[in-house]
Each structure stands twice: as C-alpha cells, then as structure tokens.
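Good morning, and thank you for coming.

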Amino acid sequence: MKFAGGFSIGQFIPGESFVHSLDPRCKIAAAFVLLGGLFASSSPPDFIPWILCLAACSRASRIRFSSVLRSGRPVLFLIVFTVALNLFWTPGREIFRLGFLRVTQEGLAAALSMGLRLYLLVMFAAMLMMTTSPMSFSDGLERLMSPLRRLRFPVSEMAMMMTIALRFIPTLFEETDRILKAQISRGADFESGGILKRTRAFIPVLVPLFVLVFARAENLATAMESRCYVPGAPRTRLNPLEWSRRDTAALVCSAVFVIFSLLWNRHAAAAISSFVTWPV
Amino acid sequence: MGKDPIISIRGAVYSYKGAPSPALCGADLEVLPGEWVALLGANGSGKSTLAKICNALLEPTQGDCFSLSMDCRDPACVPLIRQGAALVFQNPDDQIVASIVEEDVAFGPENLGLTSGEIRRRVDRALELTGLSEHRRRGSHSLSGGQKQRLALAGALALEPKVLILDEATSMLDPEGRAALLECLRELNASGMTLIQITHIMEDIARAGRIAVMQSGRIVWDGLPADFWRGEYLRFGFDEPGELALYRELISRKMIPEGTRPIAEDMAEALCL
C-alpha cells in the first residue's frame with residue numbers, strides 16, 4: 001500500500017522549457033484568466049478548445065501530457081462524486097433507469113461538463129505548480145499581493161509559509177507512507193472493513209504524523225533562524241523577477257484564448273450540440 | 001603571542017523551560033581560529049545547546065559567550081554571529097527550505113540582503129565546495145541522504161562563515177556519504193575554516209585536532225587526540241574504533257611516529273615515510 005502514490009499536485013518538475021522560464025507573476029495571472037474562462041464553459045463541446053489548450057501547454061512546458069493528466073488522481077474521488085451527483089440527480093428527459101437512480105439527458109450533459117470542468121481546473125492549476133518552483137511561485141505571489149502591505153497584511157510571511165508548505169508536501173507524503181508501512185508491519189489493517197473501520201484505522205497513523213510535523217516545524221524554524229532569516233525583514237533574491245516581452249505575450253495569448261473560447265461556446269459548440277442527439 | 005580564540009564560552013549556564021535540570025551548568029570552551037574540535041558526549045550532555053549558544057540561537061542565562069569576538073547577548077551582533085558561525089544540523093530534511101538545490105543554498109545569502117550577483121557567486125562556490133554543482137537544478141527532495149546533508153552544508157557555507165558548527169551532521173549518513181562529507185570538511189579545515197564537530201562516531205573524531213568531552217552540561221575533558229586515544233576514551237565509555245588497535249600496535253612497535261592520527265590514510269602515509 002502506498003499513500004497517494006504518484007501524488008503530484010504542487011510538485012514542481014524542474015525544467016528549462018518556455019513555460020518554466022516565464023515570470024511567475026505572468027503564470028499566476030494567466031492561470032487566473034484561464035480558470036475564469038473555464039468557468040464560462042458549460043456544455044461538453046465547450047471544453048474541446050480547453051483540452052487542446054492544456055495539451056499545448058503541456059508541450060510548451062515539455063512535461064508529458066500523461067503526467068499532467070495523472071496529476072488529477074488525488075482529486076479523482078471528488079470528481080467522480082460530483083459526476084455521480086449530477087448524473088443521477090439532475091431532472092429532465094430520462095435515458096434509462098438503474099433501480100431508483102434515473103439518468104437523464106440533461107444529467108448526462110451536466111455530469112460530463114462538471115467532470116471536465118473540475119478535471120481541467122485541477123490540470124491547469126497543476127500545470128502552474130509543475131512549472132513554477134515553490135520559491136519562485138511565492139516570490140510571484142508576494143509581488144502580486146504587495147499592495148496588501150499597506151493594509152499591514154504580512155505578505156512576506158504568507159509567501160514564505162506557502163513556500164515551506166509546498167516544499168514539505170513530498171516530504172510529508174513520504175513520512176506518511178513510512179508510518180503506514182511501520183503500522184502495517186505491526187499488524188495494522190487499512191484495506192478491509194467499511195469506511196468507518198478504515199477511517200478509525202488511520203488514527204494510529206495521524207497521531208505520530210502530527211507529532212512529527214510539529215517537531216519538524218520546530219526544527220525548521222530553528223534552522224531558518226540560524227540561516228539569518230528574520231520574519232518580515234527585507235530579502236533579496238538569487239533570481240530577481242523580471243517581466244519581459246514574452247511574459248506580456250503569454251498573458252495576452254491567454255486572454256485571447258479565453259475570448260476565442262467564449263466565441264467557440266457561442267457558435268461552434270452550440271452548433272455541435274445541436275448536431276448531437278443524446279440517446280433516449 | 002598566541003591567537004585570540006574565535007569562540008570563547010566561560011561558565012555558560014542554560015535551562016530549557018520545564019526541564020528538571022539545566023542543559024548547561026558552567027560550560028567552558030575556547031576554540032582557536034583554524035582548529036578542528038570534536039565535541040563528544042552522551043545524549044543530553046549539552047552538546048547541541050552549546051552549539052546553539054555559539055550560533056546565538058540561545059542566550060546563556062549565566063556566563064559569557066563570545067563568537068568571533070562578539071557578545072552573543074548583544075542583539076546587534078546576533079545576525080553577524082549567525083553568519084560567521086554557521087550551524088549544520090543532524091537531519092538535513094529539517095533544514096532544507098527550498099525545493100530546488102540552488103534556491104536552497106541561496107536562502108541564507110538572500111536573508112543577508114546581498115545583490116543577486118553576489119548571491120550567485122556564493123551559491124556557485126558553495127555548490128562547488130560540496131560537489132553539488134551538477135545537481136543545482138534538481139529537486140532537493142530527490143537527493144540521496146548524503147547529498148541532502150552536503151546541501152545543508154552548502155547552505156551554511158553560502159553564508160561564508162569563519163566557523164562551521166556541525167551538530168551530529170554525519171550521524172544519519174551511510175559510510176560513503178560520511179566519507180564524502182568528511183573529505184569536504186577536511187578541505188575546508190585545510191583552507192583555514194574553524195570546525196566544531198559534535199559527533200558520536202569515533203571515525204569522525206579521529207580527524208579532529210582537538211577533542212572536548214561533555215558530561216552533565218560541562219566540558220569534563222579537553223585535550224589532544226593522542227592523549228584521548230591513550231585510554232581517556234575508556235573513562236568516558238566510548239567504543240574503540242576499529243583502526244585504534246592497529247594504531248596502538250604500530251605506535252608500540254615504533255613503526256609510526258607519536259602524534260600520527262589514528263586514521264587509515266595518515267597511518268599508511270606514516271608507514272610509507
């Protein structure tokens with residue numbers, strides 16, 4: 001048993017691609033623009049350009065498309081749950097019935113749209129994190145949030161917290177896996193029984209994990225202090241952020257793509273929808 | 001005229017909140033520039049507390065502590081002490097802040113407010129010294145245990161310290177990783193850096209130029225390795241390193257001169273002379 005094997009949301013993949021080299025502020029802003037556009041898509045054909053856009057981003061970042069697709073696995077349960085909810089509980093013209101569960105034409109379309117939207121949201125967020133190192137991401141976020149300093153919001157501290165949280169994701173998963181294996185070797189059973197029994201079986205994993213996390217946080221704080229870190233004090237950067245023309249171009253391209261997708265939704269997707277007749 | 005000590009601790013006392021007894025009760029230690037001091041002692045003897053006092057992470061409740069001729073109690077001196085007497089801890093996973101090797105090495109210089117050019121110079125040098133240059137763009141979590149500890153060392157070296165304090169930094173490494181780290185430390189010491197190495201591993205101690213033993217928050221023995229290996233180590237309950245029996249035999253047969261360190265390469269060199 002491996003805990004969340006292959007977990008990769010928030011896990012940076014070092015690289016030298018075009019997407020990797022973009023300013024993190026550009027990537028964060030572009031991600032927000034794209035995610036906003038994604039919310040405007042509602043019927044299954046609306047998502048065709050988005051899937052192509054994701055594939056193009058994957059190619060430009062030199063990260064295999066399969067790796068990008070796999071990054072949605074940790075939230076697969078949530079997506080399946082949402083799809084099921086939409087599929088069986090949306091009223092409309094009935095296609096078929098499975099006992100007390102009714103699958104409707106509208107439900108099928110809603111389930112497909114919701115599933116695709118959620119999955120694509122996770123994929124685009126994963127693309128951002130896969131191509132931006134946590135340090136660079138927090139630098140970008142810190143600069144974007146810098147106006148909040150006027151309201152005495154601890155921007156630098158928040159950014160540092162985010163860097164550390166992202167840095168420790170793989171470490172904590174490794175630790176969880178180690179504790180799981182240690183408990184399995186002592187006879188713990190995490191794979192049989194109902195959901196309640198399985199949840200209860202995780203308590204002996206959570207207790208040492210929390211103890212470990214607190215001990216690690218304490219040690220890390222000491223180590224950071226010994227490396228001259230002072231919360232809130234100004235810091236310089238190894239790679240200072242520099243906005244270039246290609247960052248502007250990338251951001252403009254994202255905005256143009258969103259406009260294109262809106263036009264697609266209105267015309268092409270509507271035409272495709274009118275062609276497709278759902279099985280009744 | 002002798003050199004002034006780079007670290008000077010006199011009568012240091014320190015108690016952790018809620019602890020039944022003080023971690024340090026009158027510890028004295030003087031370290032000269034360029035020395036390699038091995039600090040030994042059982043768990044709870046106060047070694048790590050002493051290291052944190054040298055780095056100005058803790059302030060002694062009594063006694064004096066001067067690191068690089070600066071008073072550890074003076075808040076204005078604290079950042080300069082932390083920069084000049086860098087500390088490397090036992091578990092590298094607890095001290096690596098960034099996800100990318102070079103970004104982690106840059107963390108200390110970034111905190112000092114240096115220019116990006118100077119940060120890059122320091123990062124390049126620290127990576128070169130620790131043999132991690134080819135891994136600079138790798139994810140820190142993907143390194144081996146030995147590489148992670150060398151990364152922690154590089155992070156400390158990027159501060160360009162005069163004193164390097166290693167708090168059991170070799171204890172979690174395999175023999176290969178330990179050998180690589182010790183070789184790196186040997187080179188640093190040869191270039192003039194002062195080393196204070198807290199360790200339980202007898203092979204590590206053999207390389208030090210001076211040994212200090214701590215017990216119950218005090219330095220109870222301080223002297224040369226040759227004197228320590230003559231039998232003092234037994235008094236403090238330390239194990240005999242594998243090479244020591246051979247060393248003793250070679251000394252008793254006058255095959256190697258007195259003062260040779262009980263480490264394989266030194267003994268081999270002395271035999272070949």
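Predicted model: local features only at pLDDT ≥ 70, side-chain atom pairs only at ≥ 80, totals over all residues.

How many of the residues of helix H1 (residues 47–54) of chain B are buried? Eight of its eight residues are buried, and the helix is thus described as mostly covered. A residue counts as buried if 20 or more other C-beta atoms lie within 10 Å of its own, as exposed if 12 or fewer do, and as partly exposed in between, with C-beta atoms placed from the backbone. Helices (H or I, at least four residues) and strands (E, at least two) are DSSP runs, numbered from the N terminus.

Residues are numbered from 1 along each chain as its sequence is written, while chains are lettered from A and ligands numbered from 1 in the order in which they are written.

Let us stay with chain B. Among the buried residues of H1(B) are Lys47(B), Leu50(B), Ile53(B) and Cys54(B). H1(B) is followed by Ala56(B), which has a positive phi near 65 degrees.

Next, the sheet. In chain B, four strands form an open sheet in the order S2-S1-S4-S5, with antiparallel pairing. Two strands pair if DSSP finds at least two bridges between them. Strand S2 (24–31) and strand S5 (70–71) of chain B stand at the edges with a single partner strand each, so one side of each has no neighbour in the sheet. Strand S4 (residues 62–67) of chain B pairs with S5(B) over two bridges, in the antiparallel sense. Phe66(B) has Asp71(B) in S5(B) as its bridge partner. H1(B) packs on this sheet, touching strand S1 (7–14), S2 and S4 of chain B, and its direction makes about 125 degrees with that of S1(B). Angles run from 0 to 180 degrees between N-to-C directions, and axes are lines fitted to C-alpha atoms, for helices over the stretch in contact. Two residues are in contact if their C-beta atoms, placed from the backbone, lie within 7 Å.

Further along chain B, strand S9 (residues 210–215) and strand S10 (residues 218–223) run antiparallel and are joined by five bridges. Ala212(B) stands opposite Asp222(B) of S10(B). Their hairpin has two residues between the strands, and Ser216(B) takes a positive phi near 45 degrees there.

Which helix packs against helix H3 (residues 101–111) of chain B? The partner is helix H5 (residues 145–157) of chain B, at an angle of about 35 degrees and with the axes 7 Å apart. The contact includes Val105(B) and Phe107(B) of H3(B), and Leu151(B) of H5(B).

I turn now to chain A. Chain A has twelve helices and two strands. Its C-alpha atoms fill a box of roughly 70 × 60 × 35 Å, taken along the principal axes. Of its 280 residues, 30% count as buried.

Thank you for your attention.
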